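Let's take a friendly walk through this model, one region at a time. Keep the viewer open as you read.

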Amino acid sequence: MTTHSPSSPRRRALLAASLLPLLAGTPALASDPWPRRAIKWVVPYLAGTGPDTTARIVAEAVSKELGQPVVIENRGGVGGNLGARQVAKAAPDGYTWIYSGSPMAASMRMYKAPGYDVLKDFRHVIGLTSSDTTVIVHASSDIRTLEQLLTRMRAQPGKIDYASGGIGTPSHLGVEMLLSVAQAEATHVPYKGASEIVNAVMGQQVTFGAPITSVAYANIQAGKLRALAVTGPRRNPKLPGVPTLAELQVPGVELTSWGGVSVPTGTPDAIVARVRSALDAALRQPAVVSALEEQGGQVFVQDSEAFTRAFGKEIAFTETMMKRARLEPM
């Protein structure tokens, strides 16, 4: 009878063979669950804009839900296209998000070569908020009503200028639609975001603008800007005394800006579901909702399917608006 010591080559080989089935299943168990490090949330607009403010409020809450920092990176320019291109090319691992929304959809028609396809290059995770825009002038302006502004533009075609947040943004398309319906003319001066619209009007570099209400709201309340009209289908609860365009006999120009979170196409289903769940939980917190609505916007949660459909609808809407306003792609 032959015996083998525990340290013999044959005994070691048998032991190794018996462990193989167990070792084969360990990598998934050993790997840490997502997320394992900080997440970058690209906001393709300047700091101080509505999307930036929204993202910073939500990021603080969702960081706690995920157990990792969510860091905002502002990448403004070309109506949001620079940031969108960056994220479209990012690794689909859940660590790069974009604050996506209606301007990205509009870019599919406003630009001949935006540098990305909003329906193919992204998975649209969840819609977060919606905001109307507000037609504003400087508080010291002798223009006190929308009708006075329109009358002046009709009397001086092209002499009155307005600021927008860039080609294809709601602040651009909305004003062009207003001008088309009202049969008036004005000169477009594009800036890089809603906060710059506010600064341009406050600095009297332009006569008027139509930024997202959430960006203009604080200065309207402070008496530095005068609100002439809102572009939503109904009056903004934060500005109950400001009429809608429809009330002022300017029909068919209803415009809202909406936004949420998207990730690069190819991001795994499990990660997308985790992101969606964390954001949804953050938006259920009363303090978060209150902070967002205090800015003049509204929490408007859309699931992935509804949010994705919104992009398609906005592309079609932009095409219609461009035809009515006789705008050509840049």
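## A buried glutamine

Glutamine 302 counts as buried, because its relative accessibility is 11%; buried means under 20% relative accessible area, exposed over 50%, and partly exposed in between, with a 1.4 Å probe and protein chains only. This glutamine sits in strand S11, residues 298-302. Helices (H or I, at least four residues) and strands (E, at least two) are DSSP runs, numbered from the N terminus. Leaving aside residues up to four places away in sequence, glutamine 302 touches Ile126, Gly127, Phe307 and Ala310, where contact means heavy atoms within 4.5 Å.

Please keep in mind that this is a predicted model, in which local features need pLDDT of at least 70 and side-chain atom pairs count only at pLDDT 80 or more, while totals for chains, interfaces and linings use all residues. Residues are numbered from 1 along each chain as its sequence is written, and side-chain values use heavy atoms, with hydrogens and water left out.

## The nonpolar cores

The largest nonpolar core has 33 residues, and Met110, Leu146, Leu149, Met153 and Phe208 touch the most other members. A nonpolar core here is a set of buried Ala, Val, Leu, Ile, Met, Phe, Trp, Tyr and Cys residues joined through side-chain atoms within 4.5 Å. Two or more residues each come from helix H5 (102-110), strand S5 (134-138), helix H6 (146-155), helix H7 (170-182), strand S9 (225-230) and helix H12 (304-325). H7 gives the largest share, six residues. Apart from this core lies another, of 31 residues, including Trp34, Trp41, Val263 and Val272.

Not counting residues up to four places away in sequence, its contacts are Ile167, Gly168, His172, Leu173, Thr318, Met322, Leu327, Pro329 and Met330.

## Two crossing helices

The axes of H6 and H7 come within 11 Å and cross at roughly 75°. That makes H6 roughly perpendicular to H7, a term for angles of 65 to 115 degrees, whereas those under 35 count as roughly parallel, those over 145 as roughly antiparallel and the rest as oblique. The axes are lines fitted to C-alpha atoms, for helices over the stretch in contact, and angles run from 0 to 180 degrees between N-to-C directions. On the H6 side, Leu146, Leu150, Met153 and Arg154 make the contact, and on the H7 side Leu178, Leu179 and Ala182.

## Helix H3

Helix H3 (residues 50-66) has 17 residues and spans 24 Å from its first C-alpha to its last, close to the 24 Å expected; the expected span is 1.5 Å times one less than the number of residues. At alanine 59, H3 bends by about 30°, the bend being the angle between axes fitted to the seven residues ending there and the seven starting there. Since 12 of its 17 residues are buried, H3 is largely enclosed by the rest of the structure.

Lysine 64 also belongs to H3, but this lysine is exposed, with a relative accessible area of 67%. Just after the helix, glycine 67 takes a positive phi of about 75°.

## Backbone details in the loops

Tryptophan 34 and proline 35 are joined by a cis peptide bond, with omega about 0°. Proline 35 lies in the loop between helix H2 (26-30) and strand S1 (39-43).

Glutamine 183, in the loop between H7 and strand S7 (187-190), has a positive phi near 55° and is exposed at 69% relative accessible area. Glutamine 204 has a positive phi near 55°; this residue is found in the loop between helix H8 (194-202) and strand S8 (208-209) and is exposed at 55%.
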